[in-house]
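This report walks through one predicted model. Look at the sequence and the fold first, then read on.

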Amino acid sequence: MANKKVVPQAKAALNQMKLEVANELGLSNSNNVDKGNLSGYVGGHMTKKLVEMAEKQMIGK
């Protein structure tokens with residue numbers, strides 16, 4: 001199954017979030033890493049953050 005974006009216009013924001021999460025996790029030189037390779041561990045933490053953001057938005061915070 002392909003990794004198809006539901007909102008293609010969000011690509012830049014998601015790539016920025018990948019770098020931010022990688023930095024939070026202490027991955028050095030994340031700016032020099034191919035964004036496509038920042039998956040797995042980083043992707044799991046991104047998903048957690050996105051769910052938290054959505055939950056807060058749903059309750060109006």
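Which residues make up the largest nonpolar core? Five residues do: Met17, Val21, Ala22, Val42 and Met46. Helices H1 and H2 each supply at least two residues of this core. H1 gives the most, with three residues.

**Overall make-up**

The model is predicted. Its chain has two helices and zero strands. Of the 61 residues in the chain, 16% are buried. Take the contacts with a separation of 6 or more: residues 24 or more positions apart account for 40% of them.

**How the helices meet**

Helix H1 covers residues 11-24, and helix H2 covers residues 41-58. Their axes come within 9 Å. They cross at roughly 110°. Angles of 65 to 115 degrees count as roughly perpendicular, so H1 is roughly perpendicular to H2.

The H1 side of the contact holds Leu14, Met17, Lys18, Val21, Ala22 and Glu24. The H2 side holds Val42, His45, Met46, Lys49, Leu50 and Met53. By class, the contact of H1 with H2 has eight nonpolar, one polar and three charged residues.

Val42 belongs to the core and also to the helix contact. Which residues does Val42 touch, leaving aside its neighbours within four places in sequence? They are Lys18, Val21, Ala22, Leu25 and Leu27.

**The salt bridge**

How many salt bridges does the structure hold? It holds one. Lys49 pairs with Glu24, and the closest N and O atoms are 3.1 Å apart. The pair links distant parts of the chain. Lys49 lies in helix H2 and Glu24 in helix H1, 25 residues apart. Why can such a pair form? Side chains of opposite charge can pair when their charged atoms come close. Here the cut-off is a nitrogen-to-oxygen distance within 4 Å, and the Lys49 to Glu24 value is 3.1 Å.

Both partners also take part in the contact between H1 and H2. Is Glu24 buried or exposed? Glu24 is exposed, with a relative accessible area of 53%. Lys49 is partly exposed, at 29%.

**Tyr41 and Leu25**

Tyr41 is found in helix H2. Tyr41 counts as exposed, at 57% relative accessibility. Tyr41 and Leu25 are 16 residues apart in sequence. In space, their C-alpha atoms are 9.4 Å apart. Leu25 is also one of the residues in contact with Val42.

**Accessibility at a glance**

| Residue | Relative accessible area | Class |
|---|---|---|
| Lys49 | 29% | partly exposed |
| Glu24 | 53% | exposed |
| Tyr41 | 57% | exposed |

Definitions and conventions. Residues are numbered from 1 along each chain as its sequence is written. This is a predicted model: local features need pLDDT of at least 70, side-chain atom pairs count only at pLDDT 80 or more; totals for chains, interfaces and linings use all residues. Side-chain values use heavy atoms; hydrogens and water are left out. Axes are lines fitted to C-alpha atoms, for helices over the stretch in contact, and angles run from 0 to 180 degrees between N-to-C directions. Helices (H or I, at least four residues) and strands (E, at least two) are DSSP runs, numbered from the N terminus. Angles under 35 degrees count as roughly parallel, over 145 as roughly antiparallel, 65 to 115 as roughly perpendicular and the rest as oblique. Contact means heavy atoms within 4.5 Å. Ala, Val, Leu, Ile, Met, Phe, Trp, Tyr, Cys and Pro count as nonpolar, Asp, Glu, Lys and Arg as charged, and the others, Gly among them, as polar. A nonpolar core is a set of buried Ala, Val, Leu, Ile, Met, Phe, Trp, Tyr and Cys residues joined through side-chain atoms within 4.5 Å. Buried means under 20% relative accessible area, exposed over 50%, partly exposed in between (1.4 Å probe, protein chains only). A salt bridge is a side-chain nitrogen of Lys or Arg within 4 Å of a carboxyl oxygen of Asp or Glu.
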